[in-house]
Amino acid sequence: MQKFTIGKNEAGQRFDKFLAKYLPEAPKSLVYKMLRKKNITLNGKKATGNEMLNCDDTVESFFSDETFDKFTASASNNVSSRTDMSAPRISVTTKDIVYEDEHILLVNKKPGVLTQKANPNDYSLNEWLIDYLINTNAITREQLKTFKPSVCNRLDRNTGGIVICGKSLLGIQVMTELIRTKDIEKHYITLCHGDFKHEGRTEAIISKDDKINKSSVSSDKNTKGSEIITEFSIIQKYNDACLLDVNLLTGKSHQIRAQLSAFGNPIYGDKKYGSGKAQSDKVENGLKYQLLYAYKLIFPASDKLPKELSHLSDKTIELPVPEYFQTVINRLN
């Protein structure tokens, strides 16, 4: 017999969702069969799988040790094996943490760092998060078998700024929902070419060509694709350039970059969406990354937050413009 006690990072989800993580190699049909036959029980009783789990619930399974090891093999193999945080494989350190509590962590991601894996062997911010939490004893390797901390929003590899990370199941669930419902404001700062003339709220259609990993934007609402909504505010105008605050109301791939390119105002340093003029501009000389930076988050009022996260009510997290960004602005000045 195997016994598992539900903790805070397993509570609040359906029993069958938990079992999919607890026994990842067990066929779903077999799991339901074991529930019907009481070979898997919840609090010593027969369960159907649609029960919502609470802290201190007990799960018992009646498998041979060999069978149980077989059903949990991938959960054990997926646990990070790194223990030496003194030699990180990506340029993220504890100094990049801009906010942390029991449930969430905000990281200032540098350009060039992957938010999530693109290939199986990649080491991304998501893997760094898990290693950080293990090394600070916020989570154990055993707990990782049934719960994985995760980033909640993504930034392009070459875009820097704030990434929201969930440390607990509640943190992940709440942040993901706030992003989905647009109740958390995500502001970017960017420097674009030309005299920007589209200040205010814009709506358009975006479509992506996955073969070349590039999106296109159209103002024609009959175009096939997804609706995007973006708010632009001018912070400063320069000679043939504009510094903008961008409030991202929808979060589609390359939304800001493709939208500004469609306006004829490509972002400085954007090799994928920049114009020929942009790429030859001497102000951009030596610029490795596009000047797009997720610099501010505004959390909603307390009525949108559970009591465990009520301390985030109306909280604003704002970072200064990074040095590589300011260098180009100084050239314009």
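In helix α5, the residues L125, N126, E127, W128, L129, I130, D131, Y132, L133 and I134 are buried, where buried means under 20% relative accessible area, exposed over 50% and partly exposed in between, with a 1.4 Å probe and protein chains only. This is a predicted model, in which local features need pLDDT of at least 70 and side-chain atom pairs count only at pLDDT 80 or more, while totals for chains, interfaces and linings use all residues. Residues are numbered from 1 along each chain as its sequence is written, and side-chain values use heavy atoms, with hydrogens and water left out.

Because ten of the eleven residues of α5 are buried, the helix is largely enclosed by the rest of the structure. Helices (H or I, at least four residues) and strands (E, at least two) are DSSP runs numbered from the N terminus, and the cover over the buried residues of α5 includes the strands tabulated here.

| Covering element | Residues |
|---|---|
| β4 | 97-100 |
| β5 | 104-109 |
| β6 | 150-151 |
| β7 | 160-166 |

Q290, in the loop between α8 (276-280) and β13 (292-298), is buried, with a relative accessible area of 3%.

How values were computed
Contact means heavy atoms within 4.5 Å.
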